[in-house]
Amino acid sequence: RPARQAEASRLLSRLTGGRYPELILDADFGLFMADGGVPYELARFSGGEQDAAHLAIRLAASRLVAERSGADVRLLALDEVFGSLDRERRDLVVATLESLGALYSQVLVISHLEGLREALGQAVEVVDVDGAATLSVHNG
């Protein structure tokens, strides 16, 4: 628990531009986020802030499992993690994911969010045209 909490806090700080530097896991693994040093239940925060906290805890768990198992996990797949984020927070998440390049050689992000492909290094867009899928590759 302490290692997961420390890693999640480090990631949350990056995901929120330093605004929220601490996630707390209680003895039952309940998740709290500190604001001004005071822990609060996640329900107190906006949807985007809650999503950042959940992403931080998931990334921390995946890193710790990979490290402890000795596995060389090089792929990170995320599905719809940008939905409730405003543009500023979305840009922070993209920058944080890019900084994880030393840990993951590939980061796969699935999203229906318009305009996200410009923020990513490379994007594959799948479009349904009359029941047929078309693919196009975009380099950020």
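Modeller: A pocket here is an open set of points on a 1 Å grid over the protein atoms alone, where a 1.4 Å probe fits, with protein on both sides within 12 Å along at least five of seven lines; a lining residue has an atom within 4 Å of a point. Helices (H or I, at least four residues) and strands (E, at least two) are DSSP runs numbered from the N terminus. Before going on, note that the model is predicted, that local features need pLDDT of at least 70 and side-chain atom pairs pLDDT 80 or more, while totals for chains, interfaces and linings use all residues. Residues are numbered from 1 along each chain as its sequence is written, and side-chain values use heavy atoms, leaving out hydrogens and water.

Strand β6 is the main contributor to the lining of the largest pocket, giving six residues. By residue type, the lining of this pocket holds 15 nonpolar, eight polar and five charged residues; Asp, Glu, Lys and Arg count as charged, Ala, Val, Leu, Ile, Met, Phe, Trp, Tyr, Cys and Pro as nonpolar, and the others as polar. The space in the largest pocket comes to about 940 Å³, counted as the space filled by probe spheres set on the grid points.

Now the salt bridges. The whole structure contains five of them, each a side-chain nitrogen of Lys or Arg within 4 Å of a carboxyl oxygen of Asp or Glu. In one, R10 meets E7 with N and O 2.6 Å apart. Both residues sit in helix α1 (residues 2–15), three residues apart, or about one turn of the helix. R10 is partly exposed at 33% relative accessible area, whereas E7 is buried at 13%; buried means under 20%, exposed over 50%, and partly exposed in between, with a 1.4 Å probe and protein chains only.

E7 also takes part in a salt bridge with R63, with the closest N and O atoms 2.5 Å apart. R63 is in helix α2 (residues 47–69) and E7 in helix α1, so this pair ties together parts that are 56 residues apart in sequence. R63 is buried too, at 16% relative accessible area.

R19 is in the loop between α1 and β1 (23–25), so the pair links distant parts of the chain, 30 residues apart. E49 is buried at 9% relative accessibility, while R19 is exposed at 52%. Through shared partners, salt bridges join E7, R10 and R63 into one network.

Last, the sheet. Three strands form an open sheet in the order β1-β2-β3, with antiparallel pairing; two strands pair if DSSP finds at least two bridges between them. Its edge strands, β1 and β3 (38–41), each pair on one side only. Strand β2 (residues 31–35) pairs with β3 over four bridges, and D35 has V38 in β3 as its bridge partner.
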